[in-house]
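Here are a few exercises to work through with the model open beside you. Try each task before reading its solution.

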Amino acid sequence: MRDDELLTIPEAMARLKIGRSALYDLLRTRRLASLTIGRARRVPAHALTDYIQRQLEEATR
């Protein structure tokens, strides 16, 4: 996975192994960064990495 890669919603769902509603909840609450290009929502690959790292750090506290 390249850090500059932009993922579609289904691709981000597959990488996190979560459903559509769960992913949109992460986006809505800004726990996962995204950007909009025209009408398309994209999730930067590095945002997934950052999110997973934060979750791991919180789990070890």
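**Exercise 1: A helix pair**

Task: find which residues of α1 meet which residues of α3.

Solution. Start with the contacts (heavy atoms within 4.5 Å): Ala12, Arg15 and Leu16 in α1 meet Leu48, Tyr51 and Ile52 in α3. Helices here are DSSP runs of H or I with at least four residues, strands are runs of E with at least two, and both are numbered from the N terminus. Next, take the geometry: α1 (residues 9–16) and α3 (residues 45–59) pack at an angle of about 30 degrees, and their axes lie 11 Å apart. The axes are lines fitted to C-alpha atoms over the stretch in contact, with angles from 0 to 180 degrees between N-to-C directions. Finally, the crossing of α1 and α3 is right-handed, that is, the near helix is turned clockwise from the far one by less than a right angle.

Before going on, a word on the source: this is a predicted model, in which local features need pLDDT of at least 70 and side-chain atom pairs count only at pLDDT 80 or more, while totals for chains, interfaces and linings use all residues. Residues are numbered from 1 along each chain as its sequence is written, and side-chain values use heavy atoms, leaving out hydrogens and water.

**Exercise 2: Salt bridges**

Task: work out how many salt bridges there are and which residues are linked in a network.

Solution. Apply the rule: a side-chain nitrogen of Lys or Arg within 4 Å of a carboxyl oxygen of Asp or Glu. The count is three.

- Glutamate 5 pairs with arginine 15, with the closest N and O atoms 3.5 Å apart. This pair links distant parts of the chain, 10 residues apart: the segment before β1 (6–7) and helix α1.
- Aspartate 25 bridges to arginine 28 at 2.3 Å, N to O. They are separated by about one helical turn because they sit three residues apart in helix α2.
- Aspartate 25 also pairs with arginine 31, at 3.1 Å between the closest N and O atoms.

Put together, Asp25, Arg28 and Arg31 form a salt-bridge network.

**Exercise 3: Positive phi**

Task: locate lysine 17 and decide whether its side is buried or exposed.

Solution. Lysine 17 lies in the loop between α1 and α2 (20–28), and its phi is near 55 degrees. Most residues other than glycine have a negative phi. With 73% relative accessibility, lysine 17 is exposed (over 50%; buried is under 20%, partly exposed in between, using a 1.4 Å probe and protein chains only).
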